[in-house]
Amino acid sequence: MTFFLTAISLIAFAANSLLCRMALGDNLIDPISFTTLRLASGALMLLIVSQRRTNAARPVKAKGSWKSALALFAYACAFSLGYKSVTAGMGTLILVGSVQITMIGWAVASGEKLSFLKWLGSAISMSGLVYLVLPGISAPDPIGTILMFISGAAWGVYTIRGKDAAAPIAMTSANFYWAAPLAILASVIFSASTHLEPAGVLLAVISGSITSALGYVVWYKALRHLTTSQASIVQLLIPVLTAFGGVAFLSEHISGRLLIGSSLILGGVGMGIIKKTHQDSSSSECSTLEP
């Protein structure tokens, strides 16, 4: 079940990048409006899900956190702004690399002991990220790169803060409710640059209600059975899915740089999650993916 839930959430997150790039790359909507509609529609969907799941006899409640809401808003806003200038596959590779840096750093700082394979897998994956952003003709836009790094770091913080939540759906709902007003305020401040087309609005709503809200619900269910290091490594599969989705749905091209970077990242993922021995699978530190 953990494997299934993880796979569904990764597909949803990859689709998120494709929807955002589709809307912003074709100038169907401005980044701030996309962020606002994404968070607002996500909050509404989570409200519906929470109400359907609440037990009338023992209702589950969770208070929102301004820190988590700010991290969620920072992730979504930088995500939208970054995709104005980078392709879907490239942007997601940068973002997920940033997520890994944040979460592995937190795991080490928190005293989590990483196996040799996890260290080696992370190192190989990070070498793919470094190669990806090295200066050159095919290097991504520097501003877009910085924005995607910020987005990934914010998502890493948000994920860490929600990892041990007793009621992840209620907690995610509460944080969306807190984050939506921040996005609305940003839309008011930058109202002069507002640009909305029906197709862009639709893509933003789908991104918020389906691939974000429902994707987060599924992800947090899977996350409860993964260690912090495993979660960071598994998320490196997202850019690979996104890159090929970009080719299939956005007519993007897979450059040599993107192919090599993706290969290194994918190799690192495989090395990080494979159970080397039966002893590894029975270790309390290794909450490996179910077959």
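Q: Which residue caps the N-terminal end of H3?
A: In this predicted model, local features need pLDDT of at least 70 and side-chain atom pairs pLDDT 80 or more, while totals for chains, interfaces and linings use all residues. Residues are numbered from 1 along each chain as its sequence is written, and side-chain values use heavy atoms, without hydrogens and water. Helix H3 (a DSSP run of H or I, at least four residues, numbered from the N terminus) covers residues 66-82. A side-chain oxygen lying 3.3 Å from the backbone nitrogen of Lys 67 provides the cap, and that oxygen belongs to Ser 65.

Q: How many of the 17 residues of H3 are buried?
A: Buried means under 20% relative accessible area (1.4 Å probe, protein chains only), and the buried residues of H3 include Leu 72, Phe 73, Tyr 75 and Ala 76. H3 is largely enclosed by the rest of the structure, because the number of its residues that are buried is 12.

Q: What is the relative accessible area of Ser 151?
A: Ser 151 is found in helix H6, which spans residues 142-162. Beyond its neighbours within four places in sequence, Ser 151 is in contact (heavy atoms within 4.5 Å) with Tyr 75, Ala 78, Phe 79 and Leu 95. Ser 151 counts as buried, its relative accessible area being 0%.

Q: Which residue forms a salt bridge with Arg 21?
A: The structure holds 1 salt bridge, meaning a side-chain nitrogen of Lys or Arg within 4 Å of a carboxyl oxygen of Asp or Glu. The pair links distant parts of the chain, 231 residues apart, from Arg 21 in helix H1 to a partner in the loop between helix H10 and helix H11. With the closest N and O atoms 3.9 Å apart, the partner of Arg 21 is Glu 252.

Definitions and conventions
Helices (H or I, at least four residues) and strands (E, at least two) are DSSP runs, numbered from the N terminus. The expected span of a helix is 1.5 Å times one less than its number of residues. Buried means under 20% relative accessible area, exposed over 50%, partly exposed in between (1.4 Å probe, protein chains only). A polar contact is a pair of N or O atoms within 3.5 Å; within protein, one must be able to donate a hydrogen and the other to accept it, and residues adjacent in sequence count only if both atoms are side-chain atoms.
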